[in-house]
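Dear colleague,

Please find the structure below for your records. My notes on the ligand site and the backbone follow it.

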Amino acid sequence: MGGIHFVKLFLCKVFKLEKHNHILAIESSCDDTSAAIIKDGAVLSNLTFNQSIHKHLGGVVPELASRAHMEKIYTIVDLAIKEAGISKDDIDAIAFTRGPGLLGSLIVGVNFAKGFSLAKNIPMIEVNHMKAHVLAHWSEDPKPDFPFLCLTVSGGHTQIVLVSDYDQFKIIGETKDDAAGEAFDKSGKLLGLDYPAGPVIDKLAQEGEAIYQFPKSKMQNFDYSFSGLKTSIMYFLRRELKNDDQFIADNLANICASIQQTIVDYLLDIFFRAANQLGVKNLGIAGGVSANSELRMKFQKMCKENGYIPHIPAFQYCTDNAAMIGITAYYQFLKNDFVDHSVYPMARMPLK
Ligand code: KG4
Ligand code: ZN
């Protein structure tokens with residue numbers, strides 16, 4: 001496995017040549033096909049193809065997603081290599097998302113990585129998608145110090161994660177049902193908005209006022225629950241529409257602002273309680289929902305008021321992207337943490 005790679009490393013050591021490492025990273029866990037080149041832990045290129053086919057279908061259709069990955073993966077890899085200004089022969093390792101995610105989508109990335117690894121005789125690095133969302137904070141300077149407490153909020157997960165090192169992750173709290181992104185997307189569906197509704201609600205909320213109240217579930221310790229919110233929004237809309245069938249159309253911005261405020265305040269309330277109890281100073285937000293403007297603004301404000309150090313990734317590193325896979329892989333590369341070709345995708349890959 002990766003014989004040429006080790007020979008290259010050996011020759012560089014013997015002849016004291018400067019050795020750079022280039023990692024090609026692939027992300028294909030859901031509905032974004034992404035490729036990136038990472039050189040010595042810095043992002044050279046990061047290109048993502050967003051699948052718009054799911055827009056009017058209310059959510060990601062797995063079969064359509066995997067087909068679209070197959071159609072796009074070669075092009076996106078070629079473009080990422082080109083933009084990085086390197087050739088395929090410069091690549092020292094290939095990283096891919098092993099899980100969690102949609103099985104069909106993961107299969108495309110895993111098998112692409114196997115083929116590339118065989119063709120170029122380079123090692124493979126498996127990456128956990130949820131770790132990668134957290135380590136996306138290491139894509140740019142200034143990088144956070146450890147210990148680091150991260151609120152990871154995506155379409156499939158909501159977790160408070162304590163990170164003590166590049167490979168030490170501990171879940172402090174998590175959702176017991178829907179994820180925060182799902183709460184945005186399902187609320188949007190009730191309002192007749194396209195998928196994914198998170199960014200649409202974010203935009204509409206900026207024109208409205210949070211005048212409606214929705215309940216926040218009280219959970220044990222630092223856990224979350226979002227399924228009650230979706231139900232209360234459904235009953236609220238049903239009640240209002242009975243009196244006025246134009247209620248959604250006439251009040252859309254205010255409804256969006258109210259839903260967004262409920263989700264953001266709920267997320268931050270529990271997260272800061274955890275930070276306070278654990279005594280961790282370096283805090284971050286990650287995952288698709290961390291692109292939300294109100295969450296970013298309130299998180300920064302609360303850090304400032306309470307003496308924490310805030311870390312927020314740039315927008316391109318919040319939603320699914322291959323750069324975060326490559327950055328995570330870089331720290332595994334330094335520890336020779338490679339996998340062989342018997343590796344298979346894991347739809348439910350635990351964060352350990
Ligand atoms: O991390 P991500 O790109 O994919 C998953 O791993 O799930 O997260 C996607 C989620 C979707 O639920 C989407 O609605 C949400 O992130 N999202 C947002 C915003 N941008 C993306 N939610 C709220 N506000 C946004 N600006
Ligand atoms: Zn994600």
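A polar contact here is a pair of N or O atoms within 3.5 Å; within protein, one must be able to donate a hydrogen and the other to accept it, and residues adjacent in sequence count only if both atoms are side-chain atoms. The model is predicted, so local features need pLDDT of at least 70 and side-chain atom pairs count only at pLDDT 80 or more, while totals for chains, interfaces and linings use all residues. Residues are numbered from 1 along each chain as its sequence is written, chains are lettered from A and ligands numbered from 1 in the order in which they are written, and side-chain values use heavy atoms, leaving out hydrogens and water.

Ligand site

The backbone of Gly 288 places an N or O atom 3.0 Å from an oxygen atom of ligand 1. Taken alone, ligand 1 exposes 550 Å², of which the protein buries 89% (accessible areas by the Shrake-Rupley method with a 1.4 Å probe).

The shell around ligand 1 divides into 5 nonpolar, 11 polar and 3 charged residues; Ala, Val, Leu, Ile, Met, Phe, Trp, Tyr, Cys and Pro count as nonpolar, Asp, Glu, Lys and Arg as charged, and the others, Gly among them, as polar. Because domain 1 (2–135 + 320–333) and domain 2 (143–312) both give residues to this shell, ligand 1 lies between them. The domain bounds come from an automatic or database domain assignment.

Backbone

Most residues other than glycine have a negative phi, and most peptide bonds are trans. A cis peptide bond, however, joins Gly 99 and Pro 100, with omega about -10 degrees. Another cis bond runs from Asp 141 to Pro 142, with omega near -5 degrees. Asn 221, a residue other than glycine, has a positive phi near 50 degrees.

Yours sincerely
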